[in-house]
Amino acid sequence: MMRLPTILLTGKHGQVGFELQRSLSVVGRVVAVDRDDCDLTDQAAIAQLLKYVGPDVIINPAAHTAVDRAESEIELATQINVHAPTTMAHWATVNKALLIHYSTDYVFDGKKDGWYSEESPPNPQSIYGKTKLAGENAIRASGCQHLILRTSWVYGAHGSNFLKTMLRLMKEREVLSVVADQIGCPTNAELLADITAQLVAQYWQSDDRSAFAFGTYHAVATGETTWYEYAKTINQLASQMGWSLKATSDKIRPIPASAFPAQAPRPLNSRLDTNKLQTTFNIALPTWQQGVAQVLTLLRAGVQE
């Protein structure tokens with residue numbers, strides 16, 4: 001019987017890391033850590049952890065994701081989003097391990113018409129986007145076996161996110177204003193975790209791991225929407241499930257992003273083309289609405305952190 005891989009997972013308490021602990025448990029022996037176990041601003045500590053665990057697969061969802069704070073926390077964002085994955089990549093190169101790293105739609109400027117493919121030229125406009133792109137580039141430059149998964153608009157039953165914030169506000173207020181001129185795709189953290197587990201399984205079971213389809217892939221649910229339409233969908237589905245909400249769908253008002261000034265610019269277009277992921281690995285992706293309904297069902301049942 002083939003032995004299972006040893007998997008080192010960072011950011012175990014984050015939205016994606018939380019779901020990864022579940023999805024990876026059936027494909028490998030998971031060693032999950034958070035900032036209390038390993039400070040990702042300490043490159044020596046990361047190297048020591050890698051040496052101690054000796055993973056076959058490193059999975060790194062940990063990141064500095066506070067987009068506005070990153071504008072003033074440049075050094076911290078750089079340490080976590082660039083230096084930490086660089087250290088992991090160099091270790092993976094020497095030890096022939098697979099590194100799976102998550103990136104973001106923020107590597108693009110959001111000005112393109114249509115969908116961004118993996119070959120679309122990046123042009124990040126924020127410190128967050130610039131550090132995430134620099135992390136991507138460092139991984140590629142290392143020559144390690146890697147999969148970089150770019151995603152967007154992540155939410156889940158665990159942690160803080162747009163869906164849970166909207167639910168709370170809909171219980172408290174009769175009228176809400178939501179941005180209507182940014183387009184993207186809400187992506188369930190559970191979906192990302194399941195995709196990752198499939199990739200790990202395919203890699204580990206492949207006859208020639210060195211010939212695996214390494215590279216950069218876009219990983220989001222199917223479809224597109226605006227934050228405004230997303231909020232209306234949350235409201236409609238939650239109402240159907242019996243949530244008691246003060247706000248009704250017709251009381252959600254569309255506003256431009258300019259009405260919500262922020263330190264870091266947001267991409268107006270975050271649509272990521274997933275054709276490469278689906279065809280390369282034979283992965284079928286659900287609609288974003290299916291993910292929203294799934295998380296609302298879990299929250300309604302009290303399954304949350």
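This is a predicted model: local features need pLDDT of at least 70, side-chain atom pairs count only at pLDDT 80 or more; totals for chains, interfaces and linings use all residues.
**View 1. Trp-153 and Trp-227 stack up.** Here's one of the 14 aromatic pairs in the structure. The rings of Trp-153 and Trp-227 are stacked, with 3.7 Å from centre to centre and 15° between the planes. Trp-153 comes from the loop between strand 5 (145-151) and strand 6 (154-155), while Trp-227 belongs to helix 8 (residues 227-240), so the pair ties together parts that are 74 residues apart in sequence. Are these two buried or exposed? Trp-153 is buried, at 11% relative accessible area, and Trp-227 also counts as buried, at 17%. Both belong to one aromatic cluster, along with Tyr-155, Phe-162, Tyr-230 and Trp-288.

View 2. The strands line up in the order 2-1-3-4-5-10, with parallel pairing. Strand 2 (29-32) and strand 10 (215-218) hold the edges; each has a single partner strand, so one side of each has no neighbour in the sheet. On average, neighbouring strands are turned by 20° against each other, direction ignored. Zoom in on strand 1 (residues 6-9) and you'll find four bridges to strand 2, with Thr-6 partnered by Arg-29.

**View 3. Helices across the sheet strands.** Helix 2 (residues 43-53) lies across strands 1, 2 and 3, running at about 160° to strand 1. Helix 5 (residues 127-142) lies across strands 4, 5 and 10, at about 155° to strand 4.

How values were computed
Residues are numbered from 1 along each chain as its sequence is written. Side-chain values use heavy atoms; hydrogens and water are left out. Rings of Phe, Tyr and Trp (its six-membered ring) pair if their centres lie within 6.5 Å; planes under 30 degrees apart count as stacked, over 60 as edge-to-face and the rest as tilted. Helices (H or I, at least four residues) and strands (E, at least two) are DSSP runs, numbered from the N terminus. Buried means under 20% relative accessible area, exposed over 50%, partly exposed in between (1.4 Å probe, protein chains only). Two strands pair if DSSP finds at least two bridges between them. Axes are lines fitted to C-alpha atoms, for helices over the stretch in contact, and angles run from 0 to 180 degrees between N-to-C directions. Contact means heavy atoms within 4.5 Å.
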